[in-house]
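Hello,

Here is the structure for you to look at. My notes on what was found in it follow below.

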Amino acid sequence: MSARENYLTRLKKPRPVWINGKKVMQLEAEPSFKGAIDIILRYYELLEHDGFHFDYAGGISAISLMTPRSPEDLVKKRIAYQAVANLSFGMLGRTPDFMNAALCAMRSHADFFGKGEFTNFSENVNNFYDRCARDNLFIGHGAINPQIDRSRSLGLQENAYVGVACTKTERAGIRVSGAKMIVTLAPIADELLIFNMPGLSSADTDYALAFTVLTDAEGLKIICRKPLTHDSSSAFDYPLSSKIDEIDAYLVFEDVFIPWEDVFIFKDVEKSNRFYDITKTRHHTGHQGIVRGLAKAELLIGVADALAKNLGLNQFVNIQEKIGKLTTAYELIRAAVIITEIESEMDSQGVCNPRITSIQAIRYHFPKWYQQMITTVQALAAGSMLAVPHSQDFLNENEVCLTSALQNPFLSAKDRSHLLNLAWDVTGDGFGQRQMVYENYHAGDPMRIAAAHYVYYDKTVMVNAVAQALKPKND
């Protein structure tokens with residue numbers, strides 16, 4: 001069977017998924033998941049084409065899982081990332097290629113995970129990668145702990161759901177209980193990689209874990225947020241959100257058994273805090289992330305341009321400047337993506353890692369630029385996008401008057417309304433607002449990103465410039 005057919009077969013297995021208070025009996029039939037599933041299926045179709053796979057163990061695997069050994073390899077991966085992002089206009093941030101980028105980084109630095117009393121963690125990482133590459137699995141992830149009381153360490157809190165902790169050690173594996181939040185696309189992933197972002201303290205030993213868990217594991221609950229899709233409305237009324245929702249979920253673990261072979265870090269605070277940076281996972285997921293941002297920017301800038309042209313605004317210089325700010329920002333993102341590849345660095349494992357300082361610079365600035373894209377679209381559409389009739393009003397006795405009243409010299413009434421609906425969908429409705437919040441925080445707190453960039457950035461050139469400027473005239 002093809003990778004697409006294999007994924008569809010796996011989707012048919014019952015999973016502990018709840019949405020709108022009801023347990024989902026058939027994932028592929030749930031309207032809230034349909035759009036995302038369709039895009040994942042198209043992702044698997046892409047794998048069949050040259051440029052989207054590499055040979056692995058007698059078969060093919062997604063090129064996003066390929067370990068890059070040169071800047072040219074990073075370019076190949078970027079082209080594939082962009083094509084996948086284009087399937088959803090960048091609105092799905094956690095397509096399979098995101099964690100694939102992480103898995104190749106983990107596997108390349110598998111020695112870091114070492115051995116334990118009960119298992120060989122390095123071997124487990126290698127075997128996990130092998131399973132994912134052979135079967136082209138869709139791996140999601142849960143890294144963010146619930147926001148219960150961030151002023152205290154996890155291990156010092158009484159709430160049992162502040163994170164995921166080991167509650168029992170057995171000969172065959174471990175038992176875990178607790179929770180993770182914002183586990184994006186969890187319902188339709190095959191497995192979930194569970195880990196922590198840096199920041200655990202010595203009191204958090206029981207939480208210092210990394211492991212993979214099947215999405216149909218006994219004791220696991222996948223409780224989805226309220227969907228943002230408008231399945232009962234037409235694509236005319238909601239051009240994007242009627243078709244796409246990157247569902248987020250709350251994961252609850254109730255005495256879930258994890259076999260030792262699926263454990264990568266066990267009660268090791270230091271490794272839990274260091275693995276994301278030591279393995280260079282952040283570099284590779286960041287590379288995928290900023291490429292995806294390009295697809296999202298293309299849509300928002302395209303909407304702004306279409307509004308300016310079709311509302312008769314594009315001849316005004318102030319409007320030209322507004323959209324020019326967006327196109328110049330787009331060029332800066334594009335340039336940063338290319339710099340991450342050109343100035344990539346080889347590490348001791350022979351892995352070519354994208355330049356992280358450029359990635360983090362975009363991760364800091366992109367949310368600000370994205371906000372500017374949204375406000376520009378809102379300013380151009382203004383009240384017009386709040387006064388668009390329902391699609392059914394073009395099919396009843398109102399059609400004649402609306403056809404005359406809403407047309408302009410550039411668009412018919414229906415086409416004008418359709419464009420304005422898109423503007424509202426991507427900037428004003430719940431779908432657009434979720435995308436804004438996602439861009440602001442999916443890579444971490446922007447303030448901390450900028451602060452860390454300053455602290456760790458190599459400022460030698462700047463320091464030398466000051467020294468040169470302060471030199472006495474005769475030196």
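The protein splits into domain 1 (3–276) and domain 2 (280–466), with bounds taken from an automatic or database domain assignment. This is a predicted model, in which local features need pLDDT of at least 70 and side-chain atom pairs count only at pLDDT 80 or more, while totals for chains, interfaces and linings use all residues. Residues are numbered from 1 along each chain as its sequence is written, and side-chain values use heavy atoms, with hydrogens and water left out.

The centres of the two domains, taken over C-alpha atoms, are 26 Å apart. In domain 1, 46 residues are in contact with 47 residues of domain 2 (contact means heavy atoms within 4.5 Å).

Between them the domains bury about 4,000 Å², and carbon and sulfur atoms give 60% of this area. Buried area is the accessible area (1.4 Å probe) that two parts lose on being put together, summed over both. Of the area that domain 1 buries against domain 2, Met 91, Phe 236 and Tyr 276 supply 19%, more than any other three residues.

The rule finds 3 salt bridges across the interface of domain 1 and domain 2 (a side-chain nitrogen of Lys or Arg within 4 Å of a carboxyl oxygen of Asp or Glu). Asp 248 forms a salt bridge with Arg 434, and their closest N and O atoms are 2.8 Å apart.

Regards
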